[in-house]
Amino acid sequence: MIRVIALGLLAMLACLAFQVLASVFAARYFARASRQPLGPKPLRGIFLQFSILMVVLMIGNIVQVAFWALLYRLLGAFADFETAMYFSGVTFTSLGYGDVVLNGRMRLLGPLQAANGLMMFGITTALFISVIQQVTAKWIAAQSARTNVGG
């Protein structure tokens, strides 16, 4: 039991490291993009920035789901990678259909992965909130500058 929990905690640490890398990459992109003026079509620029941020962070989450699926396959929990990936995705998102389950002591990995997924989506959400706040402030400043110049 202790080995399974330790393995799950190591998997969580690996996912955290990967999430940090994806978040840093996304934050660096956004920091560069935020230095650029919004331009004549600000909604298009904001949509593009949010889209890139979302794709980068979702790829980070998908890679983590695949990492857990690989772990399940290596442990022999599932006969094929597709089933392992399905179970991992359902568990990582805390959807939990229950149609595919782990057996024996490996069942302890499920709650660890679910907790891991909740934390990783929390980090993703926090980064999105930060970006939304920054873009909103930039938009307000741009609108104020246009109003002051035009008025």
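## Basis

Helices here are DSSP runs of H or I with at least four residues, numbered from the N terminus. The model is predicted.

A pair of aromatic rings is described by the distance of the centres and the angle of the planes. A search of the whole structure finds five such pairs. Two of the pairs are described below.

## W68 and Y72

The ring centres of W68 and Y72 are 6.1 Å apart, and the planes stand at 40°. Planes under 30 degrees apart would count as stacked and those over 60 as edge-to-face, so this pair is tilted.

Both residues belong to helix 2 (residues 42-74). They are four residues apart there, and therefore about one helical turn separates W68 from Y72.

W68 is buried, at 0% relative accessibility. Y72 is buried as well, with a relative accessible area of 0%.

## F92 and F121

For F92 and F121, the ring centres lie 5.7 Å apart with the planes at 65°, which makes the pair edge-to-face. F92 is in helix 3 (residues 81-92), whereas F121 is in helix 4 (residues 109-150). The pair therefore ties together parts that are 29 residues apart in sequence.

How accessible are the two partners, F92 and F121? F92 has a relative accessible area of 0% and is buried. F121 is partly exposed, because its relative accessibility is 26% and the buried class ends under 20%.

## Cluster

W68 and Y72 also belong to one aromatic cluster, together with F78 and F87.

Terms used
Residues numbered from 1 in each chain as written. Predicted model: local features only at pLDDT ≥ 70, side-chain atom pairs only at ≥ 80, totals over all residues. Heavy atoms only, no water. Phe/Tyr/Trp six-rings, centres within 6.5 Å; stacked < 30°, edge-to-face > 60°. Helix = DSSP H or I, 4+ residues; strand = E, 2+ residues; numbered from the N terminus. Buried < 20%, exposed > 50% of the residue type's maximum accessible area, 1.4 Å probe, protein only.
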